[in-house]
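Please give a short briefing on this structure for someone who has not seen it before. Plain sentences are enough, with the points grouped by topic.

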Amino acid sequence: MNLICYQRRADHSENRWSGQQKPDWMLGDGLSFSKRLIEARKQMLSGVRSVASTQPNALQLHSLRPMRIIIEHDPESASNRAAEIISSLVQQRPSCVLGLATGSTPLGIYQKLIARHQNHKLDFANVTTFNLDEYVGLGPGDPQSYRFFMQENLFNHINIPPENTHVPDGRALDFDSYSIQYEKSIQEAGGIDLQVLGVGGDGHIAFNEPGSSLGSRTRLKTLTSETVKDNARFFDDIENVPRLAVTVGVGTILESRKCLLVAFGEHKARAISQAVEGPVTAQVTASALQLHPDVTVILDQAAACHLQRKAYYAEVEESHRLLEK
Ligand code: F6R
C-alpha cells in the first residue's frame with residue numbers, strides 16, 4: 001500500500017511524503033501516537049507564535065486547532081481553573097506579560113491569584129501587565145475607573161511593582177498618539193503572553209463593540225447603549241456612565257500568544273454560542289478568537305447552555321486530561 005501524508009509547516013507550506021512506510025512522526029499507535037501528534041502540534045504552534053509576534057496583522061494566521069472549551073460546574077470552579085492557568089504561566093515564566101480585563105467576570109480569578117500569592121508565595125515581582133481598556137474622562141483616583149478597579153482588586157494585594165502595571169489613561173490629551181504609544185509599550189515589553197478576556201452580552205471583547213474592525217488597534221471607541229446599560233450597575237446613575245472608552249483593538253488581542261476567554265451566567269450564553277460556534281464576524285468581535293491559534297474558553301454551565309457541541313467539548317477535554325497524566 002502506498003501512503004501519502006501531509007505535514008503542515010509553521011509557514012503554512014506543506015511537507016508531502018509518500019512511500020511504503022510511515023514517516024517517523026506517524027509511527028506508534030493509540031495514546032503514544034496522540035502524544036506524538038500533540039508534540040508535533042506544539043512545535044508547529046511555536047512556529048506560528050513567532051509569526052504572530054512579528055507580523056502586525058494576526059488575521060493572516062491560520063487556526064491550527066480549535067478553541068479549547070472547558071465547561072465547569074459553577075463560576076467558583078471555573079475561576080479556579082482560570083487562576084491555575086495564569087499561575088502556572090507566572091511560575092514557568094516569572095517575567096511574563098499578562099493582558100488583564102476588568103468587570104465582574106475576572107473578580108473571582110483575581111481573588112484566587114491573591115490567595116495564591118499570600119499562601120503559596122506566587123511571585124509577581126517580574127510580571128508586567130497591560131489592561132484592555134479605560135473609560136474616557138476618568139482618572140486613576142476615580143472609584144469607577146478601571147485603574148482604580150485593578151488597584152483595589154489585584155495590584156494592591158500582590159507584589160507587582162507599580163511601574164510594571166499599565167492601564168490605558170482615560171485622561172490622555174491626545175488619544176491618537178496615546179493609543180500608538182500604548183501599542184508600542186506592549187511591543188517593547190515583548191508582546192502579551194496570556195490575554196485574559198471577558199465578553200459583553202453583545203459579544204464584545206475589550207470595548208470592541210459590534211462592527212469594530214477585526215484588525216483594529218488601540219483607539220477611542222463609542223460604547224453601545226447595551227454596554228452602557230450593562231455597566232450602569234457600577235455607577236450611581238446611568239447618566240454617569242462614560243460613553244467613550246479607550247480600548248485595545250481586536251487586532252491587538254489577536255497578537256497575544258494565548259487568549260483565555262472566561263464567561264459566567266446565562267446572560268452570556270448567546271454571546272458565547274455566537275463567538276464559539278457562529279461565523280467569524282465583526283458583529284460579534286469575540287468570534288475573531290476563532291482565528292487565533294491558542295484560545296482556551298472557560299465557562300460555567302449557564303454560560304455554556306446554548307452551545308450545540310457541548311458533549312463533544314467534554315470528550316475532547318477528557319482526552320486532554322488522559323494525555324496530561
Ligand atoms: C473589561 C472589558 C469588557 C468586559 C465585558 C464583560 O475590561 O474588557 O470587555 O470583559 O464587558 O464584563 P463583565 O465581566 O462585567 O460581565
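This is a predicted model: local features need pLDDT of at least 70, side-chain atom pairs count only at pLDDT 80 or more; totals for chains, interfaces and linings use all residues.

The protein has 325 residues, of which 37% are buried. Its secondary structure consists of nine helices and 12 strands.

**Contacts along the chain**
- Among contacts in the protein with a separation of 6 or more, 76% are between residues 24 or more positions apart.

- Strand 4 covers residues 97–100, and its residues Val97, Leu98, Gly99 and Leu100 are all buried.
- Val97 and Gly99 point one way from strand 4, while Leu98 and Leu100 point the other way.
- In a regular strand, side chains alternate between the two faces of the sheet.
- Strand 4 pairs in parallel with strand 5 (residues 128–131) over four bridges, and Gly99 has Phe130 of strand 5 as its bridge partner.
- Strand 4 also runs parallel to strand 8 (residues 194–197), joined by two bridges; here Leu98 is the bridge partner of Leu194.
- Together with helix 3 (residues 107–120), strands 4 and 5 form a right-handed β-α-β unit.

**The ligand shell**
- The ligand is surrounded by 13 residues, and the closest are Thr102, Gly103, Ser104, Thr105 and Gly198.
- By type, the shell holds five nonpolar residues, seven polar and one charged.

**Pro143**
- Pro143 sits in the loop between strand 6 (133–135) and helix 4 (146–153).
- Pro143 counts as exposed because 10 other C-beta atoms lie within 10 Å, and the cut-off for exposed is 12 or fewer.
- Phe235 is 92 residues from Pro143 along the chain, and their C-alpha atoms are 9.4 Å apart.

Terms used. Residues are numbered from 1 along each chain as its sequence is written. A residue is near a molecule or strand if its C-beta atom, placed from the backbone, lies within 6 Å of it. Ala, Val, Leu, Ile, Met, Phe, Trp, Tyr, Cys and Pro count as nonpolar, Asp, Glu, Lys and Arg as charged, and the others, Gly among them, as polar. A residue is buried if 20 or more other C-beta atoms lie within 10 Å of its own, exposed if 12 or fewer, and partly exposed in between; C-beta atoms are placed from the backbone. Two residues are in contact if their C-beta atoms, placed from the backbone, lie within 7 Å. Two strands pair if DSSP finds at least two bridges between them. A crossover is right-handed if, with the strands pointing away from the viewer, the path from the first strand over the helix to the second runs clockwise.
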